[in-house]
Amino acid sequence: MSSWLNLKTVDSEITNRCNAACTLCARTGIHNGVSDIIKGMKIRDVELDDWKGILTSKNGKNISKIYYCGNYGDPMMHPKAFEMFKQNQELGIKFQRPDTNGGMRNKNWWTELGKLKSMRVNFAIDGLSDTNHIYRRNTNYEKIIENARAYINSGGDASWIMIVFKHNQHQVEEAKEVAKKYGFKNFSIKKTTAGLDPNNPEHSHIQPYRKRNVQPEIRERISFPTIKEYRANIISKGHQQYEVIPKCVTESQMYLTSDRLILPCCWTQTAFAKHMYTNKEPSSPTSDLSFYWFLEENKIKYDLTKYAFDDIMESYEEFSPGFEKGWKEKSFAICNKQCGSNFKTSR
């Protein structure tokens, strides 16, 4: 196993704010549009000084890549997103890649972003003008394209990532041509497993977020694609399990959450959020919360609001044998699902 102290990459969710209300998102729910977790968590933003502390620390000095994803938020909704990207570039980061729906801010902001040489932006655009909004609710296709073109035209490196559903599967090739026309460097599809019960992989309909009052016409349109090449492996071949090969190890990567926890990956964050903000307890030793309890029982430091980054990473390093044992024995349910099976979303 690689040392926890030989960190090269940080994945992160710098905010839990979002302008959209995607049907299957864990952020979406019945509490004025947000889920139980977001209601309990409230608005959270990573501070610029958090990054400064990480990137100037002993154990953060070799970090050269930062990804900005979002379990619960969109990075471009951070109030100081541009300042953060600029600061991190000045602190030596050579590669920064946010994933965004692209429907926020204005052309001038995106134009300035395109001038930052370390930036690569993944635009999540799930179809064209008549389909993108079906899943990515509260977004506007024309505004997204306007922002993306402003970014690209000022020198920005952009990729178009399209989740394929039944309602947009007929547009994949056309979307690819539109992406090429507007100067996106890459176009790729995402084969979603969102809403899939791994114990019943044959069902063909994605259930909307269970607590949200989604209009029937939208609910009926959010389904897995029927074209085989666009369907996730688990749907075609059934649920398969294999040796856990943890991404945090293979890519020398850790994850910074919007509430400033340092965890191995975005997937482990969900276990912490369920417990911390909904008081959800494990239903069995194989629950997704098993990873949370491992950290708690071994008193592993993970909270950046309480400990310095170096102390956190050295705490993880101290318990490396325990992590290795858990992965080998497949005792961490969330790791088994995401790094030890064909369940996870693929690209």
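1. A disulfide is taken here as a pair of cysteine sulfur atoms within 2.5 Å. The model under review is predicted, and a search of the whole structure finds zero disulfides. For Cys248, the closest cysteine sulfur belongs to Cys265 and lies 6.4 Å away, which is too far for a bond. Cys335 is likewise in no disulfide, the nearest cysteine sulfur being that of Cys265, at 6.3 Å.

2. Are these cysteines buried or exposed? Cys248 is buried, with a relative accessible area of 10%. Cys335 also counts as buried, at a relative accessibility of 10%.

3. Eight strands form an open sheet with mixed pairing, in the order 7-6-5-4-3-1-8-9. The edges are strand 7 (186–190) and strand 9 (262–263), each of which pairs on one side only.

4. With strand 3 (residues 65–68), strand 1 (residues 9–12) pairs in the parallel sense over four bridges. With strand 8 (residues 253–256), strand 1 is again joined by four bridges, and the two run parallel. Ser12 illustrates both pairings: this residue stands opposite Tyr68 in strand 3 and opposite Leu256 in strand 8.

5. Strand 3 also runs parallel to strand 4 (residues 95–100), to which four bridges join it. Within this pairing, the bridge partner of Tyr67 is Arg97 in strand 4. What kind of unit do strand 3, helix 3 and strand 4 make? Together, strand 3, helix 3 (residues 81–90) and strand 4 make a β-α-β unit, and this unit is right-handed.

6. Arg27 is buried but has no salt bridge. The nearest side chain of opposite charge is that of Glu13, 7.4 Å away; a salt bridge would require a side-chain nitrogen of Lys or Arg within 4 Å of a carboxyl oxygen of Asp or Glu.

7. Which residues are in contact with Arg27, leaving aside its neighbours within four places in sequence? The contacts comprise Asn16, Arg17, Cys18, Gly33, Val34, Ser35, Ile38, Ile43 and Tyr72.

Methods. Residues are numbered from 1 along each chain as its sequence is written. This is a predicted model: local features need pLDDT of at least 70, side-chain atom pairs count only at pLDDT 80 or more; totals for chains, interfaces and linings use all residues. Side-chain values use heavy atoms; hydrogens and water are left out. Buried means under 20% relative accessible area, exposed over 50%, partly exposed in between (1.4 Å probe, protein chains only). Two strands pair if DSSP finds at least two bridges between them. A crossover is right-handed if, with the strands pointing away from the viewer, the path from the first strand over the helix to the second runs clockwise. Lys and Arg count as positive and Asp and Glu as negative; His and the chain ends are not counted. Contact means heavy atoms within 4.5 Å.
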